Amino acid sequence: MATASPQHLMDDTINTGQQKQQQEQKPQEFLSSVETVALTIFLSIIIIMTVFGNLLVMVALCKDRQLRKKKTNYFIVSLAFADLLVALVVMPFAAIELTTGQWHYGEIFCLVRTSLDVLLTTASILHLCCIALDRYYAICCQPLVYRNKMTPLRVAVMLSGCWLIPTFISFLPIMQSWNAIGIEDIIEERRALTGGSNDTSCVFLVNQPYALICSAVAFYVPLALMVLAYQRIYVTAMIHVRQIETLQRAGSAPVTGTVPVITVRSSTSSDPSETYHLRTTMGSSVSEQAPIANSRMRVETKAAKTLAVIMGCFCLCWAPFFITNVVDPFIHYSVPWQLWTAWLWLGYINSGLNPFLYAFLNRAFRRAFLVILCCGDERYARHGSCTYRQTHRACSAASVNATSMALRLSFLPNRSYIDNGRTILANEQESQDSLGAL
């Protein structure tokens with residue numbers, strides 16, 4: 001009986017092991033292919049939705065003359081332009097690198113892409129900060145003060161700052177490799193681990209000074225300003241609601257006689273259609289008290305929800321990335337690349353959410369979107385001035401407040417008190433525009 005030699009046994013063992021390894025690799029390759037396809041579809045949906053939403057915002061402002069009259073909308077359209085560039089210039093290359101596992105465009109374009117990434121995402125965040133400051137001046141200051149502060153020149157300066165400031169933490173330090181000072185060996189080691197050269201891998205690491213300065217300018221300082229601004233906006237809006245409610249109670253008694261018409265215009269709008277002509281009938285029903293109380297509760301709830309959604313989405317999308325960005329250099333760059341990628345794309349998703357938070361939830365923008373998407377259908381065109389019946393139906397809170405205010409003012413000969421009432425009404429209308437329309 002023949003016996004197998006040790007060499008044959010060793011060969012059989014090696015062949016068997018290779019066959020098992022090949023059999024195990026086939027399912028892994030299949031799963032990897034499925035994951036790649038699913039990831040590609042998911043990232044493509046994010047990019048397409050971001051492009052569509054921000055492009056629609058820009059087209060709406062270009063086509064709707066009324067939208068161009070409100071200063072805040074210029075910040076919104078500039079924000080949409082920054083987010084559109086993120087979707088067109090930054091996201092596609094990041095998606096290709098993520099799905100293929102390689103960088104195919106050389107070392108120079110790697111630096112350019114990274115600079116554009118930092119520039120555009122920082123510009124987007126600074127626009128959100130400027131919108132918060134604009135709303136702060138509109139709601140927390142008197143109408144005349146807002147007009148004096150938010151002049152066209154100041155709006156242009158703020159918009160220029162949103163685009164110029166990010167260049168000092170993007171192209172300037174990155175193209176000069178200031179972010180890599182002192183960590184050149186770590187970058188080369190990381191590039192070697194990826195199995196590529198300078199032309200086939202795009203590794204971006206930052207030293208501690210750059211991480212702190214960049215994160216402060218791009219996130220932490222804007223976040224602090226947004227929190228302070230929106231906190232003051234909410235407090236001021238609630239004060240306006242209580243002031244209106246106080247005047248409503250004083251004017252709730254039934255009265256006969258003629259009541260003069262009071263004209264109130266939003267403090268940030270020159271649009272005649274946003275001028276409200278307020279007139280009361282003979283006598284005011286006590287039955288308005290219940291709707292007034294309910295209206296106040298709705299305003300407070302909606303204001304809180306709106307600000308919570310805006311700040312919640314912003315922090316949820318960008319806080320993980322910038323916390324990791326600050327911590328990673330101090331723990332010897334030990335954060336896994338998978339976590340980095342997840343936090344980075346979560347920040348990119350914020351560019352797709354911004355149109356929904358700042359434009360799609362705005363009544364004026366929604367009307368413009370309907371006109372565009374319905375090919376200029378006249379049914380969705382902006383109507384002229386708001387009549388009492390239209391105001392009572394479409395702008396119920398503003399009309400109830402304004403009617404009761406007009407009734408109260410009819411008994412007050414004191415000119416200064418009437419002017420104060422008009423100021424309260426203007427501020428209340430601005431609160432409705434800024435918080436209720438979102």
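First, a term: helices are DSSP runs of H or I with at least four residues, strands are runs of E with at least two, and both are numbered from the N terminus.

Ground rules: I'm working on a predicted model, where local features need pLDDT of at least 70 and side-chain atom pairs count only at pLDDT 80 or more, while totals for chains, interfaces and linings use all residues. Residues are numbered from 1 along each chain as its sequence is written, and side-chain values use heavy atoms, leaving out hydrogens and water.

**Entry 1: helix 2 by itself.** I looked up its length: helix 2 has 30 residues and spans 44 Å from first C-alpha to last, close to the 44 Å expected (1.5 Å times one less than the number of residues). I then found a kink of about 40° at M91, shortly before the proline P92. The bend at a residue is the angle between axes fitted to the seven residues ending there and the seven starting there. Just after helix 2, G101 has a positive phi of about 80°.

**Entry 2: helix 2 and helix 10.** How far apart are the axes of helix 2 and helix 10? I read 10 Å, with a packing angle of about 150°. (Axes are lines fitted to C-alpha atoms, for helices over the stretch in contact, and angles run from 0 to 180 degrees between N-to-C directions.) That makes the two helices roughly antiparallel; the cut-offs are under 35 degrees for roughly parallel, over 145 for roughly antiparallel, 65 to 115 for roughly perpendicular, and oblique for the rest. On the helix 2 side I noted D83 and M91 among the contact residues, and on the helix 10 side W337 and Y358 are included. Contact means heavy atoms within 4.5 Å.

**Entry 3: helix 2 and helix 5.** Here the angle is about 15° and the axes are 11 Å apart. That makes helix 2 roughly parallel to helix 5. From helix 2, K71, Y74, F75, S78, F81, A82 and L85 make the contact, and from helix 5, V155, M158, L159 and W163 do.

**Entry 4: helix 3 and helix 5.** I checked helix 5 against helix 3 as well: their axes come within 8 Å and cross at roughly 150°. That makes helix 3 roughly antiparallel to helix 5. Among the residues that meet are H127 and C130 in helix 3 and G161 and C162 in helix 5.
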